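Let's walk through this structure together, moving from single residues out to the chain as a whole. Keep the viewer open as you read.

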Amino acid sequence: LFRSARENSGKHYSDFYRREEPQPGARNTEHSVIVYNPLAWNITTFVTVTLNDTAVSVYDEYGHPVPAQVQESAGSHSRFDLYILVTVGGLSYRRYTVNVGHSSSQRDYAVVGRLVTFKRQPANSSRRHGKRLLPVLNDCYIVKFDEDTNLLHSITDRTSNRTIKITQEFLEYHVNGDTAKGPISDNYMFTPSGSAVQAYQAVGLEIVVGKLVTEIRQYFYSNISEQNYIYATYSRIYNGPDGYDKTLFCHHIEQEYKVGPLELNREAIMRTSTDLITNMTIYTDNNGFQMQKRLYKAYTNNTIARSEEH
């Protein structure tokens, strides 16, 4: 069940996510999902499960329907990602049941995402940027993409109405891999032979739009006509129904990366630049548990910036 339409703007809309109703007599399949919260405080967030069907409904341990969204996995026409909105107490777990197949109520089915594909754009286009901006938003942020580059342009905090300009790019360092020429670059030592260089020549863009999850898929290619990408970025923003604590999932933008295959002796980086005044101080999470303050630390024998952990 596939239908598509192409517009002059180069966007390609697809509703091949349309749910297929189970045939009469078809057997349902149930899966149990156990969600554990290792933190000492309650959390409300999304968890992801991969399935092979879109006729899905989710229930908690009391049999109540749970908000969920299903969409085709990136790079696959037969696998689907199911996003489940869960609430779990501190240092505890909850059990959810995923019913694949017929549901007693149409309202119990997970909502289905819709895919929009944009025209691939060259990385070094002479076209003036910032004129065709595409907004993607939830209750907390407006994330804008430049349709002339398919790259991030800005993020606006909807509460403070403050906008941060953003640029993003994938780069590669050429590094030493010959022990006869000195220390090699590995997991513990970084030995570049020069500055990082741009590693792509074109960017593709797909957006999966849904009531709970909006996923932005960016694909970086070695040239404008290359079939296979070398890097990919998956950015997600989340929405939730009224009555749920939106503090955690609404106020962050999730990013996932796919890298490679790389050429020999390459170190890949995703560089995101903003106009924030940080005084060379950044904050990163400590293995996903707590945020850590990291101060800039200069090394006279190595011009690559480092950050010191406290």
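**A walk through the fold**

Asn 150 is found in the loop between strand 12 and strand 13, where strands are DSSP runs of E with at least two residues and helices are runs of H or I with at least four, both numbered from the N terminus. This is a predicted model, in which local features need pLDDT of at least 70 and side-chain atom pairs count only at pLDDT 80 or more, while totals for chains, interfaces and linings use all residues. Residues are numbered from 1 along each chain as its sequence is written, and side-chain values use heavy atoms, with hydrogens and water left out.

Is Asn 150 buried or exposed? At 1% relative accessibility, Asn 150 counts as buried; buried means under 20% relative accessible area, exposed over 50%, and partly exposed in between, with a 1.4 Å probe and protein chains only. Leaving aside neighbours within four places in sequence, Asn 150 is in contact with residues including Phe 118, Phe 145, Val 203, Leu 205 and Gln 218, contact being heavy atoms within 4.5 Å.

The loop that holds Asn 150 also holds Asp 148. Asp 148 forms a salt bridge with Arg 132, the closest N and O atoms being 2.9 Å apart; the term covers a side-chain nitrogen of Lys or Arg within 4 Å of a carboxyl oxygen of Asp or Glu. Arg 132 lies in the loop between strand 10 and strand 11, so the pair ties together parts that are 16 residues apart in sequence. Asp 148 is buried, at 2% relative accessible area, whereas Arg 132 is partly exposed, at 31%.

Next, follow strand 16 (residues 202–209), where seven of the eight residues are buried. Strand 16 runs antiparallel to strand 10 (residues 114–122), and seven bridges join them; strands count as paired if DSSP finds at least two bridges between them. Arg 114 has Val 209 of strand 16 as its bridge partner. Strand 16 is also joined by seven bridges to strand 17 (residues 213–221), again in an antiparallel arrangement. A hairpin of three residues connects strand 16 to strand 17, and Val 203 stands opposite Phe 220 in strand 17.

Which residues have the most contacts inside the largest nonpolar core? They are Phe 46, Val 143 and Ile 207, in a core of 24 residues. Here a nonpolar core is a set of buried Ala, Val, Leu, Ile, Met, Phe, Trp, Tyr and Cys residues joined through side-chain atoms within 4.5 Å. Strand 12 gives the most to this core, with three residues. Apart from this core lies another, of 21 residues, among them Val 66, Ala 68, Tyr 96 and Val 100. Nonpolar side chains tend to be buried together in soluble globular proteins.

By the salt-bridge rule the count comes to 14. In one of them, the side chains of Arg 236 and Glu 215 meet at 2.7 Å, N to O. Arg 236 lies in strand 18 (residues 231–238) and Glu 215 in strand 17, so the pair ties together parts that are 21 residues apart in sequence. Both Arg 236 and Glu 215 are buried. Salt bridges that share partners join Glu 206, Glu 215, Arg 217, Arg 236, Glu 254 and Glu 256 into one network.

A search of the whole structure finds one disulfide, a pair of cysteine sulfur atoms within 2.5 Å. Cys 140 and Cys 250 form this disulfide, with their sulfur atoms 2.0 Å apart. Cys 140 lies in the loop between strand 11 (133–137) and strand 12 (141–146) and Cys 250 in helix 1 (residues 247–250), so the pair ties together parts that are 110 residues apart in sequence. The torsion about the S-S bond is about 125°, so the disulfide is right-handed. Cys 140 and Cys 250 are both buried.

Finally, step back to the chain. The protein chain has one helix and 23 strands, and 41% of its 310 residues count as buried.
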